[in-house]
Structure formats: structure tokens, C-alpha cells
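This report concerns helix packing and the nonpolar core of the structure shown below.

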Amino acid sequence: MKESRHKKGGHLEYEEKMKKAYQDLKKAYKEIQESYREMVIRLAMIAEYRAEGTGTHLVRIADYSTEVAQGLRLPKHDIYYLRYASPMHDIGKLVIPDKILKKKTGLTPQEREVIKKHSSFGADAFKGTRSRLLQVARVISLTHHERFDGTGYPQGLRGKQIPLFGRIVALADVFDALTTKRPYKEAYDFEVAIRMVKEESGRHFDPEIVKAFLSRKKRIREIWQATKNIESFIAEI
Ligand SMILES: [Fe+2]
Ligand SMILES: [Fe+2]
């Protein structure tokens, strides 16, 4: 009798230990995941600061892309990778010389060509990676300046040849550029920018992505109005 109680107690103790080990492992995994995502965002931030951005552009890129992906009903894991890899789209700007990157206006055609190389530079930085998140970052960096009609760069891909993530970030990036004040231009009004996006459907942008974007117009407006900074974005991770 005494022996069986002991056995039972031992079993319970073992179960408790296993439970605790599992919880610890889960916690450690979550922490690694979170710090990994945070590092990726902070890395993107370094590139953005060097180009004299504030980081809010990166937050909006992630938020707009997430909305489009939800509008397209992409699987949860794809939305996750898109959300955290999209802020890396311009990471290749880290290797563009200061005198070109920081020039506010009047870029020569040759200088413009140098800037255009940021998409390939960013892709090179993640070449051969085994991380799914960095593989997505690589694809986005390489393809976010391609255009649906085939007139983009660096490869001049056309239509569905352009990976989906690249097609989504292309729209998010342009929409944010349109609605943001830049040294060489004023910010367009929200509705004007929406109209410009519609006009570019089938030219710069994939019509299906434009449709998904417009289906989330209410949320897009909220993101546009919000002044979420990079620290708040990281805090949401
Ligand atoms: Fe870019
Ligand atoms: Fe951008």
C-alpha cells in the first residue's frame, strides 16, 4: 500500500517536472522569437535613420502590407512573415554612399542608377539564408521596385512573375511615399493618393492587390492618420 502511494507520488512529481520543463521551453522559444523579430526591425531602422527617415515609414509599410495581406486572405504565417520582413525592404540603402543617399534633390541619372542598386544589395545581404523571415526579406528587397507592367527594376519582371510579397510591398511603399512629405514634394491628400493608386492598377500595381487594398480603406485611413512610431511597433511584438 505504502509502496504504491510512493509510486503514484513519483509519477505525479515527474508529470509536474515535465510540465514545468515544457512551460520553460515555451517561454524561452517565445523570447527568442520576439528578440529575433525585434533585431530585424532595429536593423531596418538603422538603414532608415541613415537615409534620414524617422522609422514611421517602416511601421506604416508593415501595417499597410498586413492590411493588404488580410484583404487577400493570406494564411496567418504568410501575414506574419510579410509584416516583419517588409520593414527590411530598403536595407540595401546601407551600402549606398552618403553623398548620393543624402542628396535631397537633383540626382543625376547616374546617381539614380546607384540608388536603384539598393534592391539587389539588400537581396545579396540575405543570400543563402536558411531563415524563412530573412528569405522573405530577400524577396521583398529584390522585388519591391518591380512594376506589374514590366517597367520596374532590377529585373523588369512582369505580372505574376513578381513574387506576391514584392507586389504587396510595392503598393504599400508607393502609397506611403505619396502621402508623406519629402524634400522634393508635398504630401498628397489621402483621397488623391487613393485615386492615384487606382489609376496605376494594372500598370504599376497588380489589380488584385489594389482591390485588396481598397477593400481595407477604412483601416488604411486609420494607419495613415496614426503616428505610430517604431518603439510602439516593437512594443506590439
Ligand atoms: Fe526601395
Ligand atoms: Fe520605402
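A residue counts as buried if 20 or more other C-beta atoms lie within 10 Å of its own, with C-beta atoms placed from the backbone. The model discussed here is predicted.

**Helix H7**

By that criterion, nine of the twelve residues of H7 are buried, so this helix is largely enclosed by the rest of the structure. The buried residues are Leu134, Val136, Ala137, Arg138, Val139, Ile140, Ser141, Leu142 and Thr143. Their cover includes H3, helix H6 (118–125) and H8. At 1.5 Å a residue, the twelve residues of H7 should span 16 Å, and the end C-alpha atoms are 17 Å apart, which agrees.

In soluble globular proteins, nonpolar side chains tend to be buried together. The largest nonpolar core here has 44 residues, of which Val68, Ile168 and Leu171 touch the most other members. Helices that each supply at least two residues of this core include H1 (2–50), H7 (132–143) and H9 (190–199). Leaving aside residues up to four places away in sequence, Leu171 touches Val68, Val197, Phe205, Ile209, Val210 and Phe213.

**Packing of H2 on H8**

The axes of H2 and H8 come within 9 Å and cross at roughly 130°. That angle makes H2 oblique to H8, and the crossing is right-handed. The residues that meet are listed by helix.

| Helix | Residues in the H2–H8 contact |
|---|---|
| H2 | His57, Arg60, Ile61, Tyr64, Ser65, Val68 and Ala69 |
| H8 | Ile168, Val169, Leu171, Ala172, Asp173, Phe175 and Asp176 |

Val68 in H2 and Leu171 in H8 take part in this contact, and both are also among the core residues that touch the most other members.

How values were computed:
Residues numbered from 1 in each chain as written. Chains lettered and ligands numbered in written order. Predicted model: local features only at pLDDT ≥ 70, side-chain atom pairs only at ≥ 80, totals over all residues. Core = buried A, V, L, I, M, F, W, Y, C linked by C-beta atoms within 7 Å. Helix = DSSP H or I, 4+ residues; strand = E, 2+ residues; numbered from the N terminus. Contact = placed C-beta atoms within 7 Å. Expected span 1.5 Å × (residues − 1). Axes fitted to C-alpha atoms, helices over the stretch in contact; angles between N-to-C directions. Parallel < 35°, antiparallel > 145°, perpendicular 65-115°, else oblique. Left-handed = near helix turned anticlockwise from the far one by under 90°.
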